[in-house]
Amino acid sequence: MPNETYPTRQLCEFLAQLKLSDVPAPVVERTKDLFLDWIASAIAGKDAPAIRRIQEFAAAMGPQSGDAEVFVDRRRTSPYFAALINGASSHVVEQDDVHNGSVLHPAAVVFPAVVAAAQAEGKTGAEVLLASIAGYEAGIRIGEFMGRSHYRVFHTTGTVGTLAAAAAVAKLYGLDAEGINQALGSAGTQAAGLWEFLRDAADSKQLHTAKAAADGLQSAWLARAGFTGAKQILEGAQGMAAGMSSDANPAALTDGLGTRWATAETSFKFFASCRHTHPAADALKALMQREGLQAEQVDAVTAHVHQGAIDVLGPVVNPVTIHQAKFSMGTVLGLVAVHTHAGLGEFEQHALQDPRIAAFCNKVTMALDDEINAAYPRQWIGRVTVRTTDGRSLEARVDVPKGDPDNTLSRPELEAKAIQLGAFRHGASEAEMRTIIDRVWHLDQQANVNDWLPTSR
């Protein structure tokens, strides 16, 4: 079909023509930051029960050796199964990045697919950076296209993430616009991920990122082999938007291509919990520090939130696992109030064991705030009101949560976070993480992206 101009095709044309020299240097450097944050998060997934089950599946169904690296067990397998495991492990400790406007976690789906494919294809670090940027730019715009209604039921990282991974690997393979379009078609028809798992403390969130990364890679591989997919899988009459959204915006697919670099808009996580808890946690932390309050002096807390926070966090009433606790506003605010932080250690040691957290959790309610809801998802505002035991009413507000681009983590902070993630469950030693850090900062000069961790210790 000559002169095709539908939005998906325009996006694919941009991706096909994109060169690393087209990308501003600060965006390339930010992509390295995102890569480090991702690989450390993937290593931190070691020994999580859900990840072990996916490893067992891969061992039963996949090859026992291969070109692609699995970070949590330092083994090698096929690119598909490496993407599957690394995609799952990237998302389990809830420290991977998030893009506010699309409510997408790009790293957990883009990097596992790209690195696995690159290791099998002998690609350079520069090629990995370019492919990853393509995946971020595509995935973020597709997430924005799908709209707020999509996120009420569907976990965008599972659905849109499949297309982000497909776009990234298709770019790595050097596919033209037609090939990228076919890859997106196959990815879109496989896109899935429902929020219902939160009610049961089920493991499905890890399956979402696992399948998104692996199925995105599969879709790109098939497209390279000549397998076809629906060209208008996004905006078509029976495409993703038709079945999964009531407020899709086709203009978002091509918004600012080549001038707006959505990759650089991505936020890092400061707390080890669902990002919807972070604005309120930042606000409560600021309030308690400002007032010199102790948790015992707090009688009630109202977290003023957007509707997306209520949709995702609302079903978690009585968390029974650490992972489910990361989606409990009361638990996160309790950790901040009692232990001053809600990081990896606080969740592991206190979230379910400390009776003070359970007591504080019962003091927390969420309330829909019209101003905050109107600003979401472009801006995630944090506001809390606190009633103290001596009858005072206090309030704090944070317009830019820690980790957002305008309040980002510096490279020293990212390095410290990476080392902490590596140490979690002894996934990698500090020396190993420092070697990884140095390599990431020079990723565009790397001849390959193989062998991030030794195969034996």
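**From the C-terminal span to the domain interface**

The end C-alpha atoms of residues 271-443 lie 27 Å apart, and this span is 47% helix and 15% strand. Helices (H or I, at least four residues) and strands (E, at least two) are DSSP runs, numbered from the N terminus. UniProt lists residues 271-443 as "domain: MmgE/PrpD C-terminal", in an unreviewed entry. UniProt positions follow the numbering used here, feature names are shortened, and annotations may be inferred rather than shown by experiment.

The model is predicted: local features need pLDDT of at least 70, side-chain atom pairs count only at pLDDT 80 or more, and totals for chains, interfaces and linings use all residues. Residues are numbered from 1 along each chain as its sequence is written, and side-chain values use heavy atoms, with hydrogens and water left out.

UniProt places "domain: MmgE/PrpD N-terminal" (unreviewed entry) at residues 9-250. Here the end C-alpha atoms lie 12 Å apart, and the span is 65% helix and 2% strand.

Now the sheet. Four strands form an open sheet in the order β4-β3-β5-β6, with mixed pairing. Two strands pair if DSSP finds at least two bridges between them. β4 (364-368) and β6 (393-398) stand at the edges with a single partner strand each, so one side of each has no neighbour in the sheet. Neighbouring strands are turned by 20° against each other on average, direction ignored. Axes for such angles are lines fitted to C-alpha atoms, for helices over the stretch in contact, and angles run from 0 to 180 degrees between N-to-C directions.

Look at one pair. Strand β5 (residues 382-388) runs antiparallel to β6, and six bridges join them. Valine 386 stands opposite leucine 394 in β6.

Next, the domains. The protein is divided into domain 1 (7-268 + 422-445) and domain 2 (275-398). These bounds come from an automatic or database domain assignment. Taken over C-alpha atoms, the two centres are 30 Å apart.

What meets at the interface? Contact (heavy atoms within 4.5 Å) links 25 residues of domain 1 with 21 residues of domain 2. The two domains bury about 2,100 Å² between them, 60% of it on carbon and sulfur atoms. Buried area is the accessible area (1.4 Å probe) that two parts lose on being put together, summed over both. In domain 1, Asn100, Arg148 and Leu198 lose the most area to domain 2, together 30% of what that side buries.

Charge also bridges the domains. The count between them is two salt bridges, each a side-chain nitrogen of Lys or Arg within 4 Å of a carboxyl oxygen of Asp or Glu. Elsewhere in the listing of side-chain pairs, glutamate 144 and arginine 378 meet in a salt bridge (3.1 Å, N to O).
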